[in-house]
Amino acid sequence: MLNFYIVDVFAVGKYTGNQLAVFAGDGVAKLSDPDMQRIAKEMNYSETTFITSPQMRDGGYDVRIFTPEQELPFAGHPTLGTAYVLQQEIIQQPVETIILNLKIGQIPVTVHYAGEVVEWLWMRQKTPTFGQGLSPNKIAPVLNLDVEEIDTRFPIEEVSTGVPFIIVPLKNLAAVKRIKVNQDKYFELISNTQAKAILVFCPETYSSENHLNVRMFADAMGVPEDPATGSANGCLAGYLVEYAYFGENAIDLRVEQGYEIGRPSLLLLKAQKGEAGIEVNVGGKAIIIAKGEFV
């Protein structure tokens with residue numbers, strides 16, 4: 001049997017945030033790679049995950065992540081959403097930590113409760129690594145922005161906590177709103193970069209409670225614009241600490257995403273620099289909005 005769950009992650013209201021499908025049940029272990037890819041295409045979410053066994057292995061649960069185009073070694077909102085399904089539907093009792101065995105390795109998810117209700121989920125991401133820098137003159141035409149709208153106090157750089165993103169600092173919300181990706185220039189850019197997705201951010205926000213506004217574009221991965229991206233925001237957290245964006249080597253932030261496409265989302269970022277590198281944690285809410293059997 002194949003059971004599936006539709007999960008909202010990072011949502012600030014019903015049917016906001018980023019949805020995904022999570023598959024579980026005895027039938028998952030019988031699925032081939034082409035079967036999982038076909039199902040991901042049929043579900044047509046940015047990511048679909050498969051819990052390949054309800055039993056733990058090496059202290060964690062085996063999980064695979066597929067987009068409609070490819071399998072991913074790691075992704076943020078699928079990690080949190082799948083951990084929530086594991087806690088609610090498979091473990092069915094309060095636990096402090098759930099470990100997911102992903103292609104990138106083991107990712108721990110910490111579960112925080114308000115009474116008996118799950119309030120927040122936090123995932124510890126891999127230590128950020130930093131790649132090539134890119135010039136404002138190269139990025140501005142891709143986003144249809146003027147060079148003057150980029151905050152050149154900080155670099156444009158590839159950052160990865162498992163999946164690489166190009167991080168672009170902008171000066172204000174007007175610049176963020178104005179972005180319209182030039183497809184030809186975007187694909188020309190990513191032909192020479194490890195990262196195939198672009199995250200832009202600015203310190204001006206729609207909600208006064210939040211600290212940053214973010215947009216993420218990944219046409220090459222089948223996501224013209226994502227309403228909430230845990231992996232990209234983990235890279236952003238590492239970037240903010242590495243370059244002391246807020247003047248310190250530690251952050252504790254509320255980040256809004258998805259407002260420009262009518263899917264407002266809230267992500268929580270905590271990061272700090274220590275002797276072993278930058279420790280990154282990304283948090284948010286998750287809720288199951290539908291469930292059923294897949295025939």
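How many salt bridges does the structure hold? The answer is 14, and some of them are picked up below, in point 4. Please keep in mind throughout that this is a predicted model.

1. **Overall build.** The chain comes to six helices and 18 strands of secondary structure. Its radius of gyration is 18 Å, close to the 19 Å that the globule rule gives for 295 residues, so the chain is as compact as a globular protein of that length. Along the principal axes, the C-alpha atoms fill a box of roughly 55 × 40 × 35 Å. Of the 295 residues, 55% are buried. Among contacts with a separation of 6 or more, 63% are between residues 24 or more positions apart.

2. **Helix α1.** Which residues of α1 are buried? They are Met 36, Gln 37, Ile 39, Ala 40 and Met 43. These residues cover an arc of only 160 degrees around the axis, which puts them on the same side of α1. Behind this lies a simple piece of helix geometry: with 3.6 residues a turn, residues three or four places apart in an α-helix point the same way. As for what that side meets, the buried residues of α1 pack against β1 (3-9), β2 (18-24), β3, β4 (61-66) and β5 (71-72).

3. Ser 46 sits in the loop between α1 (33-43) and β3 (48-51). Although this is a loop position, Ser 46 is buried, at 14% relative accessible area. Its side chain makes a polar contact of 3.0 Å with the side chain of Glu 47. Leaving aside residues up to four places away in sequence, Ser 46 touches Asn 18, Gln 19, Phe 66, Thr 67, Pro 68, His 77, Val 223 and Asp 226.

4. **Salt bridges worth a look.** Arg 254 and Glu 209 form a salt bridge, with their closest N and O atoms 3.5 Å apart. This pair links distant parts of the chain, 45 residues apart: Arg 254 is in strand β15 (residues 250-257), while Glu 209 is in the loop between β12 (198-202) and β13 (212-218). Arg 254 is partly exposed at 26% relative accessible area, whereas Glu 209 counts as exposed at 54%. Elsewhere, salt bridges that share partners join Asp 33, Arg 64, Glu 71 and Lys 103 into one network. One of the pairs here is Glu 71 with Arg 64, whose closest N and O atoms are 2.8 Å apart. You will also find a salt bridge between the side chains of Asp 58 and Arg 57, at 3.2 Å from N to O. In that pair, Asp 58 is exposed, with 62% relative accessibility, and Arg 57 is partly exposed, with a relative accessible area of 42%.

5. **Cysteines.** Cys 202 is buried, with a relative accessible area of 0%. Cys 235 is buried as well, with a relative accessible area of 0%.

Technical notes. Residues numbered from 1 in each chain as written. Predicted model: local features only at pLDDT ≥ 70, side-chain atom pairs only at ≥ 80, totals over all residues. Heavy atoms only, no water. Buried < 20%, exposed > 50% of the residue type's maximum accessible area, 1.4 Å probe, protein only. Salt bridge = Lys/Arg side-chain N within 4 Å of Asp/Glu carboxyl O. Helix = DSSP H or I, 4+ residues; strand = E, 2+ residues; numbered from the N terminus. Polar contact = N/O pair within 3.5 Å; in protein donor to acceptor, adjacent residues only side chain to side chain. Contact = heavy atoms within 4.5 Å. Arc of directions from axis to C-beta. Rg over C-alpha atoms; globule rule 2.2 N^0.38 Å.
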